[in-house]
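This note is for a colleague opening the model for the first time. The points below are meant to be read beside the structure.

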Amino acid sequence: MRISMEWLREWLPVAETAEEFGHRLTMAGLELDAIDAAAPVFSGVRVGKVLSVRPHPDADRLRVCEVDAGTGETLSIVCGAPNVTAGMLAPVACIGAVLPGDFRIKRSKLRGVESQGMLCSAVEVGLAESSDGLMALPADAPIGADFRAWMGLDDFILEVDLTPNRADCLGMLGIAREAGVLLDHPVTGPVIEPVRAGADHAVTVRVTSPEACPLYATRVIDGLDPNALTPLWMRERLRRCGVRPLHPVVDVTNYVMLELGQPMHAFSAEAAGPVIDVRFGTAGERLLLLNGNEVEVGPADLLITGANGPLALAGIMGGEGSAVTAGTTRIVLESAHFSPRALAGRARAHGLHTDASHRFERGVDPTIPLYAMERATALILEIAGGAAGPVVHQGQVPSAHADNRITLRRERITRVLGMAFAPVEVERILTGLGCRVAAMGDGWEVLPLRARFDLTREEDLIEELARIHGYERLPQTLPPTTVPVTSTVEAALGRRKRELADLGFHEVISFSFVAPDWAQAFYPDLEALALANPISSELAVMRPGLWPGLVRTAAHNLARQRMDLRLFEHGLRFVPDAAGLRQESRLGGLLCGRAEPEHWQGSRRAVDFFDAKGVVETLCAGARQALRFEPATHPALHDGQSARVMLGGQGIGWLGALHPSLCERFDLPELFLFELDAAVIASENVPQFRGLSAFPAIRRDIALVMNEDVAAGDILAAIAQLDLPLLQETRLFDVYRGKGLGKNEKSIALGLILRAFERTLDEKDVNSVTKSVVDQLEALFGAKPRY
């Protein structure tokens, strides 16, 4: 919203500078984006009158003008503007004037004729980007007056960024109301009186969709002067607010929108016909809009229609066929209230965003359409003449929000804001904001202004008190210190995340929504839950797992030459089943690139399956049950490089290399993924203190020959089942295949670490433990010692 300080000062006196007032608005929640001057810097320009015009003796396109600029002498000025005529008033840059761009006016000769100044167009004084002639001033402009001062060009424009809930400030009325309560000064706006009908012409109004358009009003104005021009003061106000003047009728509707916040529209009465109907569209209907685009409308689009079909997209944009043109003398003026819900998203669906849609989608004061109709009628009659018919309307002001009486308690104000407000201050602020306030025993009953759709509960009113009083003036009170209570699961997950960070991983947070094809690619066996109203087609289903988000993040980084990646994410996955939607906490990770940072003495080995497996082993090191990796296939993982992660016989996740087909599909190098049940890996053993043995440890290495298909994890699990008190640790330190072994055989070398807490072990102890291990492996896997 662009706010002219000069215009605002017509509603109430604002003694503050633009910077000071802009800061006050920002502190009240209406954020100031920028402050612009109403016009660039220039000086020495006066209001002048062209007394006579004669041809230049040596140039066909130049004229020699005698000009009265109030200097006491008549100025001779050479001018090339095509519209210069005797009797017209225009800006005159006298000798010594400085125009925008530091252009200085000096005494000069043009084709042999002396010129004592310059008659100016709007471009030359910085008020337009293009012009086809001199800037014509109204007949009552005071000759000789300083043009800048007379036009009020020392004005400043505040660009205020409004949040969607403050649509009430999308007009000078709402801004003035805010300024009035902030400055504690009454607001005096324009006096709007009903315009008596001077004729009986009217159109019939029919509202077929009253839920979308609770109130629709029209008025026919006939006999407009086709040669009428929008007055300079109105064109200038529109310009300062960022609106381009077009036609007197259109300019009035735009002016009323900026003034009162109520969008309006005018139709050519001949195109509209005798009946106007407000209804939803039907499939196949088309409408050529004012911007030249033809759109196809459907049952979701609210239309204003006439005898020959659609006239406008309701609350968005009018149609080209019913537009008011330079020759229009009879119009149908429209002022309506459209439901925000009916218009939400419809402008965007057609690639549009207009001042009207911006306001109607957020909510416009439902009590203002008839006042806006009277205001616009009076301005049109003043500017273009004509006779107005009666106001014909269908429907009434919607009752929703009308009886939303809110109880505001004194005790609640003090508790929320940390300070007590004097009753007179509470009533001043809320009354100044347009609310009706009635005192009660322990507080007030408040009826919010109809334009304030955001005031629906007690906390909203308390926020208004804090906002107007000043957030910076509220007392700063620290909350009572409490020790945060963290569950053991949360604490354990925090430790798992720190472990990953210590291993060089970076945490990512991705959307809980993914594209349907990504969900299908990674989890074809799971049916992802489709969203009813997705943000976009690429975020249309709930994620069945964390891998799509991790892989998409990796692809984004790889495309920017970040080749060595360690990523992890903790979040929910969503799996529909017969009982509803399961939400499961998962911890996932991704590795790709080099196994170690680049170093002149280091290896250039790329990460592999066993690096990812090592990370999972680290995460599960404190688990209560034994960890095991079971060879298995997953649709998203490479056959032969994938495993089911088992903990105590329960499957808790997956580990493996991304399938080559997916690597090719997403243009990715080889990378490795894991995803685990976060709740399970957070269930860890509580560390227990155990004394250190004062006796030395003994290591006995053994090598066993067994079939190739025996998994190392099964070997270690079988040894752990023996529960040998003297066996402290088992280390697998070598795997051999080749000479001396059969085709389907391998040799596994194990290091057995033995220690007692009460004595030094002897050879008999070592042999006994070693024999138990060998016997167990021979019985289960057919292992034979290798000598």
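1. Asp102 belongs to the loop between β6 (89–99) and β7 (103–104); helices (H or I, at least four residues) and strands (E, at least two) are DSSP runs, numbered from the N terminus. Although Asp102 is not a glycine, its phi is positive, about 60°. Most residues other than glycine have a negative phi.

2. On sources: this is a predicted model, in which local features need pLDDT of at least 70 and side-chain atom pairs count only at pLDDT 80 or more, while totals for chains, interfaces and linings use all residues. Residues are numbered from 1 along each chain as its sequence is written, and side-chain values use heavy atoms, with hydrogens and water left out.

3. Asp184 also deserves a look. It sits in the loop between α4 (172–183) and β12 (204–207), and its phi is near 55°, a positive value in a residue other than glycine. Is Asp184 buried or exposed? Asp184 is exposed, at a relative accessible area of 51%; buried means under 20%, exposed over 50% and partly exposed in between, with a 1.4 Å probe and protein chains only.

4. Ser4 is part of strand β1 (residues 2–4). Ser4 has a relative accessible area of 4% and is therefore buried. Which residues does Ser4 touch, leaving aside its neighbours within four places in sequence? Ser4 is in contact with Asp155, Phe156, Ile157, Met172 and Arg240, where contact means heavy atoms within 4.5 Å.

5. Helix α6 (residues 248–260) has 13 residues and spans 18 Å from its first C-alpha to its last, close to the expected 18 Å; the expected span is 1.5 Å times one less than the number of residues. Of the 13 residues in α6, 12 are buried, among them Pro248, Asp251, Tyr255, Glu259 and Leu260. Gly261 follows α6 and has a positive phi, near 85°.

6. Helices α12 (residues 410–417) and α14 (residues 458–469) pack at about 65°, with axes 10 Å apart. Axes are lines fitted to C-alpha atoms, for helices over the stretch in contact, and angles run from 0 to 180 degrees between N-to-C directions. Arg412, Ile413, Val416 and Leu417 of α12 meet Glu458, Glu459, Ile462, Leu465 and Ala466 of α14. The residues of this contact divide into six nonpolar, no polar and three charged; Ala, Val, Leu, Ile, Met, Phe, Trp, Tyr, Cys and Pro count as nonpolar, Asp, Glu, Lys and Arg as charged, and the others, Gly among them, as polar.

7. Seven strands form an open sheet with mixed pairing, in the order β27-β30-β31-β35-β34-β33-β32; two strands pair if DSSP finds at least two bridges between them. The edges are β27 (506–507) and β32 (627–631), each with a single partner strand, so one side of each has no neighbour in the sheet.

8. Within this sheet, β30 (residues 565–577) and β31 (residues 580–592) run antiparallel and are joined by 13 bridges. Leu565 stands opposite Cys592 in β31. Helix α15 (residues 488–502) lies across β27, β30, β31 and β35 (672–677), at about 140° to β30.

9. How many bridges pair β32 with β33 (residues 637–647)? There are five, in the antiparallel sense, and Pro631 stands opposite Ala643 in β33. A hairpin of five residues links β32 to β33.
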